[in-house]
Amino acid sequence: MTVYRGPLAGQASLTINGETFNIVGEAQYQASGPVNETLKGQSAVEGFSTMPGEGFIQATLRDRPDFDAGSLQGASGLTVVLVKTNGQVVTAVDAWQTERINVNTQEGTFEFHCESDTVTVDVVA
């Protein structure tokens, strides 16, 4: 196995329903998939349960003069695509915006967080 020597971290881009936003600081994600929880009785660890788990994409985005960040409040049916500098593409399909949209006027930024039952990561072959 050879060691990859290309870009691993740094730049990323984010689109929401095809609209491109500048990421400020960092973006984070978690793919959707099963979530295991340990089941314990009073005398033993008995096993585990498995439940479906939602994924998410979140980022600090730059406020734009041509887009009302507040229009994302309560939005659903979103397609959110995060492209990482290492070539991986994270996609949230039919996502919904969660939490409150707060715009920081001093920095010109806002926090975006969406969740979906379908958040996938496509890796570079």
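**Exercise 1. Determine how far strand β6 is enclosed, and identify the strands that pair with β6.**

Solution. The model is a predicted one. Step 1: apply the burial cut-off, under which a residue is buried if its relative accessible area is under 20%.

Step 1: examine the pairing with β3, which covers residues 23-30. β3 and β6 run antiparallel and are joined by five bridges. Within β6, F56 is the residue opposite Q30.

Step 2: examine the pairing with β10. Here the two strands are again antiparallel, with eight bridges between β6 and β10. In β10, E111 stands opposite T60.

**Exercise 2. Describe the surroundings of T109.**

Solution. Step 1: locate the residue. T109 belongs to strand β10, which spans residues 109-116.

Step 1: classify its exposure. With a relative accessible area of 9%, T109 is buried, because the limit for this class is under 20%.

Step 2: list the contacts, leaving out residues up to four places away in sequence. T109 touches V24, T60, L61, R62, D63, N102, V103 and N104.

**Exercise 3. Trace the pairing of β7, and relate V80 to the largest nonpolar core.**

Solution. Step 1: pair β7 with β1. These strands are antiparallel and share five bridges; L14 has L82 as its bridge partner in β7.

Step 1: pair β7 with β8. This pairing is also antiparallel, over five bridges, and V80 faces A92 of β8. The two strands make a hairpin with four residues between them, and G87 in the turn has a positive phi of about 95°.

Step 2: turn to the core. The largest nonpolar core has 21 residues, of which I16, I57, L61, V80, F110 and F112 touch the most other members. At least two residues of this core come from each of β1 (12-16), β6, β7, β8 (89-97) and β10.

Step 3: inspect V80. Apart from neighbours within four places in sequence, the contacts of V80 are L14, T15, I16, I57, V90, T91, A92, F112 and C114.

**Exercise 4. Which residues form the network of salt bridges, and how exposed is each?**

Step 1: The structure holds two salt bridges. The side chains of D66 and R64 form one of them, at 2.9 Å from N to O. E19 and R64 also meet in a salt bridge, with an N to O distance of 2.8 Å. E19 lies in strand β2 (residues 19-21) and R64 in the loop between β6 (55-62) and β7 (78-84), so this pair ties together parts that are 45 residues apart in sequence.

Step 2: E19, R64 and D66 are linked in a network.

Step 3: R64 is buried at 17% relative accessible area, E19 is partly exposed at 33%, and D66 is exposed at 59%.

Conventions: Residues are numbered from 1 along each chain as its sequence is written. This is a predicted model: local features need pLDDT of at least 70, side-chain atom pairs count only at pLDDT 80 or more; totals for chains, interfaces and linings use all residues. Side-chain values use heavy atoms; hydrogens and water are left out. Buried means under 20% relative accessible area, exposed over 50%, partly exposed in between (1.4 Å probe, protein chains only). Contact means heavy atoms within 4.5 Å. A salt bridge is a side-chain nitrogen of Lys or Arg within 4 Å of a carboxyl oxygen of Asp or Glu. A nonpolar core is a set of buried Ala, Val, Leu, Ile, Met, Phe, Trp, Tyr and Cys residues joined through side-chain atoms within 4.5 Å. Two strands pair if DSSP finds at least two bridges between them.
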